[in-house]
Amino acid sequence: MGEEDKDNQIQTPLLQTQAAERPLKRTGNLWTAIAHIITGVIGSGVLSLAWSMAQLGWIAGPLAMLFFAVVTVVATFLLCNCYRSPDPEYGPGRNRSYLEAVDLNLGKRNAWVCGFFVHLSLFGTGIAYTITSAISMRAIQKSNCYHKEGHEATCSFGDTSYMLLFGVVQIVLSQTPDFHNIDWLSILAAIMSFTYSFIGLGLGFAKVVGDGYVKGSIGGISTSSAADKIWLVAQAIGDIAFAYPYSLIVIEIQDTLKSPPPENQTMKKASTIAIVVTTLFYLSCGGFGYAAFGDDTPGNLLTGFGFYEPYWLIDFANACIVLHLLGGYQVYSQPLFANVERWFADKFPSSGFVNDNYTLKLPLLQEIRLNLLRLCFRSIYVVSTTAIAMLFPYFNQVLGVLGGLNFWPLSIYFPVEMYFKQMNIEAWTTKWILLRTFSMFCLLVTLFSLIGSIEGLITAKLS
C-alpha cells in the first residue's frame, strides 16, 4: 500500500482537509479500496455484536446484520455516483470528501446540516472510545484479580480513574499540529483493531467447541416484560447500526483510485466484497459469542468476563483495544480540530492567540510547537468528551445512541438526496418511489433504535 493511499485512508470525512488542497497521485485499485473499507469499518463496534445477537435471537439477529449490510451496500452504491460530476463515470469535476459532495449537489444549507451531523458523529465517537478504553483497562485489572484470587472473588473496580488517565493522554496527543504527524498512530490502531477482533472470535469459538453445544434461543434473552424486550431490541439494532456504516470515508477512498476503469465501478465492486467479508466476520463474532454464553452474553465480549482464562490473552486483547482507541480517538478528532481552527484563523487573521506559534524546548526531548488556540480548544474538547463519558459510562447504550443519531442522516438521507440531484430523478417515478420508501423505512428503524437507546441510557443512569 503506497504512502498516498495511507494518507487517504486516515483522512477524515470533512469538507476542507489538507488532502483536498494538494494534488494527489491516484494509484489505488480494487484491493487497496477493499483494505481501506475493511480497516475503516471493523472497530470497537464488533465487541457489542454478541450482546446484540443475544437480544434478537438466532433468527432476528443474523437477519438484522444482513439488513444493515444490504442497506450499507445500497447507500454506498448511491454515494459512489457522487464522486464525479456531472456524469458519475466521466464527469470532469471531482468531489474529494463527503461534505464537498453534499455542498456541490445540495447546496450550502444542506452542507451545514450535514456538517453538524458529521462533527456530532466525530465527537460522539470520542466519547464512546473514552468509555471503551476505560472499561478495557479496568478489565485487565479484574482479569489479573480473578487469576490470583479465583473466579468467585469480588473483583470490583471503578473506571473513573481510567477515563481520567485516557483523557490526560489524549490532551497530550491532541497537541500534534496535524494529521501527517500521526500516520504511525493510525496504522497501529488498524493492526490492534484486527488483533482484538480475532481474539474475541477465537475465544468464542473455543468455548463453543469446549462446551460441546450451542447456547441461545430463537427469541433471544427473556425479559420480565414486553416493554423491556422492545427497549433491548432497539438498543441492539442501534449497536449494529454503529458497527456497519462507513459512508463518511467512501468518497475519500474513491479519490485514491486510478482510472480507467471508472472509479465508481471499482468502488462498487470493492464495497460489495468488503461488506460480504465484514458481514461474515460480524456474524461469526456475534454468533460464536452468543453460542458460547446464551442469556449470559456480556455487553462487551472481551470485558464482560464470560472468559476468565487464559488471563494473559484477555489482558493482551484488552491492551490492544486501548492502543487502538488511543490512536482511533485522534483519527476521529484531528479533522474536527483542523476545521474549527481553520474557521478561527479565517475569522481572526490578525489574532496572536489564534495564529502565533511558540516553541517549547524540554530537556532530552525535541522542540514542541505550541499554539494557544490549539492548546485551549483541544484541551477543552478532550475534557468535555471525558466528562460526558464519566457521566454516562454505559457501553451498549452509548453505541446505540450514536448508531441511532448518525445512521439515517449520514448513511441514507444525504446519499439518496444527492443521487436524486446527480441523476435528475423526477418525482413519482418508480425509482423515486422506491428510494423514498427505502429512506423512510430506514428512518423509522433509526428512530426506533435511537428512542430505545436513549431510554436504556436514562434507565442505566437512574439505576
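The model is predicted. A search of the whole structure finds 7 salt bridges and 0 disulfides, and about 620 Å³ of space lies in the largest pocket.

- Side chains of opposite charge can pair when their charged atoms come close.

**The network around E263**

- R84, R94 and E263 are linked in a network of salt bridges.
- E263 forms a salt bridge with R84, and the closest N and O atoms are 2.9 Å apart.
- That pair links distant parts of the chain: E263 belongs to helix α10 (residues 263-293) and R84 to strand β1 (residues 84-85), 179 residues apart.
- Both E263 and R84 are buried.
- R94 also forms a salt bridge with E263, with the closest N and O atoms 3.2 Å apart.
- This second pair again links distant parts of the chain, since R94 is in strand β2 (residues 93-94) and E263 in helix α10, 169 residues apart.
- Is R94 buried or partly exposed? At 29% relative accessibility, R94 counts as partly exposed.
- E263 has a relative accessibility of 1%, which is under the 20% limit, so E263 counts as buried.

**Largest pocket**

- The largest pocket holds about 620 Å³ of space.
- It is lined by 20 residues, and those closest to its centre are W112, G115, H119, N339 and W343.
- Which helices each supply at least two residues of the lining? They are α4 (98-106), α5 (108-149), α11 (311-347) and α13 (372-391).
- The largest share of the lining, 8 residues, comes from α5.
- By residue class, the lining divides into 12 nonpolar, 4 polar and 4 charged residues.

**Cysteines**

- The search of the whole structure finds 0 disulfides.
- C82 is in no disulfide: the nearest cysteine sulfur belongs to C80 and is 8.8 Å away.
- C442 is in no disulfide either, as the nearest cysteine sulfur, that of C82, is 16 Å away.
- C82 has 0% relative accessibility and therefore counts as buried.
- C442 counts as buried because its relative accessibility is 1%.
- A disulfide is a covalent bond between the sulfur atoms of two cysteines.

**S333 in helix α11**

- S333 is placed in helix α11, one of the helices that supply at least two residues of the lining of the largest pocket.
- The relative accessible area of S333 is 0%, so S333 is buried.
- How far apart in space are S333 and S174? Their C-alpha atoms are 8.1 Å apart, although the two residues are 159 residues apart in sequence.

Technical notes: Residues are numbered from 1 along each chain as its sequence is written. This is a predicted model: local features need pLDDT of at least 70, side-chain atom pairs count only at pLDDT 80 or more; totals for chains, interfaces and linings use all residues. Side-chain values use heavy atoms; hydrogens and water are left out. On a 1 Å grid over the protein atoms alone, a cavity is a set of points where a 1.4 Å probe fits but cannot get out, and a pocket is an open set with protein on both sides within 12 Å along at least five of seven lines; lining residues have an atom within 4 Å of a point. Grid points are joined across faces, edges and corners, and a volume is the space filled by probe spheres set on the points. Helices (H or I, at least four residues) and strands (E, at least two) are DSSP runs, numbered from the N terminus. Ala, Val, Leu, Ile, Met, Phe, Trp, Tyr, Cys and Pro count as nonpolar, Asp, Glu, Lys and Arg as charged, and the others, Gly among them, as polar. A disulfide is a pair of cysteine sulfur atoms within 2.5 Å. Buried means under 20% relative accessible area, exposed over 50%, partly exposed in between (1.4 Å probe, protein chains only). A salt bridge is a side-chain nitrogen of Lys or Arg within 4 Å of a carboxyl oxygen of Asp or Glu.
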